Amino acid sequence: LIWAVGLVSTETVAAEIVDLNDFTIDLRASWTASEKDGVVSIAARDNSAIVVLSPETLPAGSSLKDFAESFSDKYNGGKPSTDGDGIWQLDYINDVGAKGHVIISQSGQNSDKIFLIIIIGESNPELSSTIKSIKLKN
């Protein structure tokens with residue numbers, strides 16, 4: 001499973017493949033990555049962008065759409081949207097007032113394991129390629 005966001009991309013050479021928790025990331029030298037309690041944080045060294053990969057459990061009887069709508073309500077988000085590919089996206093404002101974007105995906109059609117990709121700061125030219133390099137382990 002690969003996620004992609006339609007942001008400006010600049011080609012760069014990868015520094016290394018980083019293996020963290022449920023993901024591998026093609027990490028550029030201008031980015032750092034860390035994992036704590038299952039949550040992966042990827043940050044531009046210049047602080048222009050951060051990506052957080054957070055595993056969650058889908059509540060029993062809920063759909064991914066329900067989860068996206070609940071997230072939107074909790075974080076003053078916009079209306080969640082999907083292209084029919086099972087991935088939901090929305091813009092939101094976090095607890096400290098920063099604008100962000102979240103992508104919500106399920107690890108498998110019949111799985112209750114879901115992943116949030118939370119993006120803050122879309123001005124970094126390597127953001128799109130960094131996000132595209134995130135791969136979910138099988």
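**A hairpin and its sheet**

User: What phi does Gly97 take in the hairpin of S7 and S8?

Analyst: Gly97 takes a positive phi near 90 degrees, in a hairpin that has 5 residues between the strands. This is a predicted model, in which local features need pLDDT of at least 70, side-chain atom pairs count only at pLDDT 80 or more, and totals for chains, interfaces and linings use all residues. Residues are numbered from 1 along each chain as its sequence is written, and side-chain values use heavy atoms, with hydrogens and water left out.

User: How do you know that S7 and S8 pair?

Analyst: Pairing asks for at least two bridges found by DSSP, and S7 and S8, which run antiparallel, are joined by 6; Ile93 stands opposite Lys99 in S8. Strand S8 is also joined to S9 by 7 bridges, again antiparallel, and Ile103 has Ile117 in S9 as its bridge partner.

User: Why is S8 called largely enclosed?

Analyst: Buried means under 20% relative accessible area (exposed is over 50%, partly exposed in between; 1.4 Å probe, protein chains only). In S8, 6 of the 8 residues are buried, so the rest of the structure largely encloses this strand.

User: What makes S3 and S6 edge strands?

Analyst: The open sheet has 7 strands in the order S3-S4-S5-S9-S8-S7-S6, with antiparallel pairing. Strand S3 (31-36) and strand S6 (81-82) each have a single partner strand, so one side of each is left without a neighbour in the sheet. Strand S3 is joined by 6 bridges to the antiparallel strand S4 (residues 39-44), where Ala43 stands opposite Thr32.

Key:
Helix = DSSP H or I, 4+ residues; strand = E, 2+ residues; numbered from the N terminus.
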